[in-house]
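Come along as I look things up, one entry at a time.

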Amino acid sequence: MSLKIIDESKINPKKYISKDMLAPANSWYVIVSLVAALILNFVPLQSFALAMRPDFTALVILYWAINQPQRLGMSLAFCTGLMMDVHHASVLGHHALVYCVIVYIASVFRRRINVFSLVQQIPQICVILLVMQSILIVIELLGGANLPGWHYYLKSLSGAIVWPIVAFLLSYPLKHRSNPDAL
Amino acid sequence: MDSTPQFFRHGPGPLARLLLFVLLSCLLMVEDLRFKVIPELRQAIAMIIYPIQQVALLPSEVHGTVMDFINSFHIIEENTYLREHYLRNSEKLLRLKALEAENTHLRKLLGAVNTIHAKTTAKAVMAEILYTPRDPFSHKITVNKGRQHGIQPGQIVIDYKGIIGQITRVYPLVSEVTLITDKDHSVPIQIVRNNIRTVISGTGKNNEIELRYLSVNTDIREGDLLATSGIGGVYPRGLPVAVVTGIKRHPSDNFAQITGTPVAGVDRNRQVLILSLSPALPTSPENLAEESSVESENN
């Protein structure tokens, strides 16, 4: 009985093999997804929703860096970061830096992350987002800002929670429609 | 000697690429914080993201239009009320004009008219706040008037109660306002009750500003109104800035810790007024330049 439970919690090789193979993404599709994420980030919101809004650009960059790293290099992440900086009227280059850092982290851990299902990826994505926000805080502190409250990290939690949805929506157009086993 | 051809072509490894980009962004940050050599870069990126920002603003605009439509049912009612109100106020306005005329007359008698510029020369442009950045670190807002509308850096932004901030960056169609609560922003002020001159600075916290470097024995009380002094020539004099809300005097410190709350709705309103630049003051003589440099820097 207990053996069975352990088996369930571990990665099932059969399940892993039966995972969907995704078609390679068109580079226009990558750019359109980044622009859509920027629009979501730019929508003006009120206080609580503002604190809870996940960084959609970071999520989309993470998705491409994990699933199709040949489509999204650090240069694209860097340019997206510059756009975020100009929109936030903050120091030019600090979002660019952290986006490059998450692309690097994703490139190191992508094989390990890919083994898990989307829901199981939540804690790992959460850790990556927390690292990203911590680097942002360090840069701001070096620039002479005050420490924000703990609610600053809520964005990482909400980002990790919406990760399966974002990843599912991004992968949906790339799934093969035909059944490979059909004759 | 030829090296063996690679089976898979790779660029530099991920770590090398990361270091390259970290270096690049560090250079950008230093450039942006210290030297500001290439302001055109920011302008160019702002133009690129302008359409994206407009799309992001669409939902709130649609919401606004729908609300306007609903509100228009109340407008007729409101109009009659306002007309009545206007008539009642115009009587007060006439009295105010008479008082103003009397005041200028008295000033003439004092011989002070040459030193004080008439405040009515300043013109105001109304602007609407497009968005506030979600960054908790940056106390800046973006308004919908830019270089196309004749906005210049350094202009003062107010609402109907008092000062909100100052234009610091101008893009072709929008411009950025640094709020008075920003950590690096200071305003030369006077305490209205006893005319003590000093400088007030932001704290980087929402709705809080502080008076730094006032000695422990300064005559200041809670509830004192602080208004611009007009020194430095950037701010016109007499605009309300803040009310003192907290004073802590520790005998061991040289300076008292004085905090205040802005009079204007720094984080509330949707419409603001941008004042035109006040005429440049005569430059200070050489020997005074060093003494006044502290104050002019704060402006």
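This is a predicted model: local features need pLDDT of at least 70, side-chain atom pairs count only at pLDDT 80 or more; totals for chains, interfaces and linings use all residues.

**Entry 1: a loop in chain B.** I started at B:N207, which sits in the loop between β7 (197–202) and β8 (209–211) of chain B. I looked up its backbone angle and found a positive phi of about 60°, although B:N207 is not a glycine.

Entry 2: Next I checked how β7(B) and β8(B) are paired, and I found 3 bridges in the antiparallel sense.

Entry 3: I picked B:I200, whose place is in strand β7 of chain B. Which residue of β8(B) stands opposite B:I200? I found B:L211 there. B:I200 has 25 C-beta neighbours inside 10 Å, so I noted it as buried. Leaving aside neighbours within four places in sequence, I listed its contacts as B:S186, B:V187, B:I189, B:I209, B:L211, B:L226, B:V241, B:A242 and B:G260. For B:S186 I also looked up the C-alpha separation from B:I200: 5.5 Å, with the two residues 14 apart along the chain.

Entry 4: On one side I found strand β3 (residues 156–158) of chain B, joined to β4(B) by 3 bridges and running antiparallel to it. A hairpin of 4 residues links β3(B) to β4(B), and B:I158 stands opposite B:I163 in β4(B). How many bridges join β4(B) to strand β5 (residues 175–179) of chain B? I found 5, again in an antiparallel arrangement. A hairpin through 4 residues joins β4(B) to β5(B), and B:G165 stands opposite B:L179 in β5(B).

**Entry 5: chain B as a whole.** I stepped back and noted 3 helices and 12 strands in chain B. Of its 299 residues, 25% count as buried. I also checked the contacts between residues at least 6 apart in sequence, and 58% of them join residues at least 24 apart.

**Entry 6: two helices of chain A.** In chain A I looked at helix α8 (residues 122–142) and helix α9 (residues 154–171), whose axes come within 8 Å and cross at roughly 145°. I noted the crossing of α8(A) and α9(A) as right-handed. Among the residues that make the contact are A:I125, A:L129 and A:L130 of α8(A), with A:L157, A:I161 and A:W163 of α9(A). By class, this contact has 10 nonpolar, 3 polar and 1 charged residues.

Entry 7: A:A89 lies in the loop between α6 (74–88) and α7 (94–115) of chain A. With 22 other C-beta atoms within 10 Å, I put A:A89 down as buried.

**Entry 8: where the chains meet.** I counted 32 residues of chain B in contact with 33 residues of chain A. Which element gives the largest share of chain B's side? I found that α2(B) does, with 12 residues. The elements giving two or more residues to this side are α1 (14–35) and α2 (39–110) of chain B. By class I noted 20 nonpolar, 5 polar and 7 charged residues on the side of chain B that touches chain A.

**Entry 9: confidence.** The predictor gives the complex an ipTM of 0.76 and a pTM of 0.63. For chain B I wrote down a mean pLDDT of 79, with 82% of its residues at 70 or more. The pLDDT is below 50 over residues 111–120 of chain B, a stretch with 6 contacts in the model beyond near neighbours in sequence. Residues 292–299 of chain B also have a pLDDT below 50, and there I noted 12 contacts beyond near neighbours in sequence.

Conventions
Residues are numbered from 1 along each chain as its sequence is written. Chains are lettered from A and ligands numbered from 1 in the order in which they are written. Two residues are in contact if their C-beta atoms, placed from the backbone, lie within 7 Å. Ala, Val, Leu, Ile, Met, Phe, Trp, Tyr, Cys and Pro count as nonpolar, Asp, Glu, Lys and Arg as charged, and the others, Gly among them, as polar. Axes are lines fitted to C-alpha atoms, for helices over the stretch in contact, and angles run from 0 to 180 degrees between N-to-C directions. A crossing is left-handed if the near helix is turned anticlockwise from the far one by less than a right angle, and right-handed if clockwise. A residue is buried if 20 or more other C-beta atoms lie within 10 Å of its own, exposed if 12 or fewer, and partly exposed in between; C-beta atoms are placed from the backbone. pLDDT is the predictor's confidence in each residue, from 0 to 100. Two strands pair if DSSP finds at least two bridges between them.
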